[in-house]
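I opened a new structure today and kept short notes on what I looked up. The chain as a whole comes before a single residue.

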Amino acid sequence: TTKKLIEEIAVTGGLAVMNITTDLAPGGEAFYYRVERLYDEYGVDWYVHLVIDRAYILGSIDKSLQETREEIQATGTKVDDNLTTARTVLYVCVVAVAVGLTVLSIILVLRIIDPLVVLEGEMAAVAVMKLEAVDTKRPLSALQEVRLMQVSFLQMIRNLVEYRNYMPASVLQDDSDDDDTSAQENDLSSIDASR
């Protein structure tokens, strides 16, 4: 047995780890094992066997290593949970910001478009010289560009009212009658052309 152990140790190059089954450790327990052959001057061969219980030497290190592995695994699980929570919060925040920006843009568009729609209707009334249909007392828009258009439009209405005061009613009536007649003629000619 010693020769076999010497050969195994020579192959591995030093200290060997062996599982030895004893009455105290029936499942096999790891030991560090080393055999050295010594010669003395009297020609006696000595074999020195060194057997060290691995659990005795490295037991506390193995226990610490196992605890560290368990802590790393627990921390990894916590990190995964935190990462999932962070992703969920991020997605909710992105959706909330997107919805908020969409609502804000709709509000801004309506604040810009509403005064323009009113202005467009009033311009249509002024085009047929119905100056009384224009509400000159309404508040101006808070947006500078729309407010400038409203101010210019109201100035144009004041000038048209003043111009209309100097014109005879028959001229204004004739112009509107001519416009109605020419519009009817255009409608009739477009119907004939489509046939």
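My entries follow in the order in which I made them.

Entry on the model. I am working with a predicted model, in which local features need pLDDT of at least 70 and side-chain atom pairs count only at pLDDT 80 or more, while totals for chains, interfaces and linings use all residues. I number residues from 1 along each chain as its sequence is written, and side-chain values use heavy atoms, with hydrogens and water left out.

Entry on the fold. I found four helices and three strands in the chain. Helices (H or I, at least four residues) and strands (E, at least two) are DSSP runs, numbered from the N terminus. I read their order from the N terminus as α-β-β-β-α-α-α.

Entry on burial. I looked up the share of buried residues (under 20% relative accessible area, 1.4 Å probe, protein chains only), and it is 12% of the 195 residues in the chain.

Entry on Arg138. I located Arg138 in the loop between helix 2 (54–127) and helix 3 (144–166). Is Arg138 buried or exposed? Arg138 counts as buried because its relative accessibility is 17%.

Entry on its partners. I noted a polar contact (a pair of N or O atoms within 3.5 Å, one able to donate a hydrogen and the other to accept it) of 2.6 Å between the side chains of Arg138 and Glu122. A polar atom of the Arg138 side chain also lies 3.0 Å from the backbone oxygen of Asp135. Leaving aside neighbours within four places in sequence, I listed Val118, Leu119, Glu122 and Gln150 as in contact with Arg138, contact being heavy atoms within 4.5 Å.

Conventions:
Buried means under 20% relative accessible area, exposed over 50%, partly exposed in between (1.4 Å probe, protein chains only).
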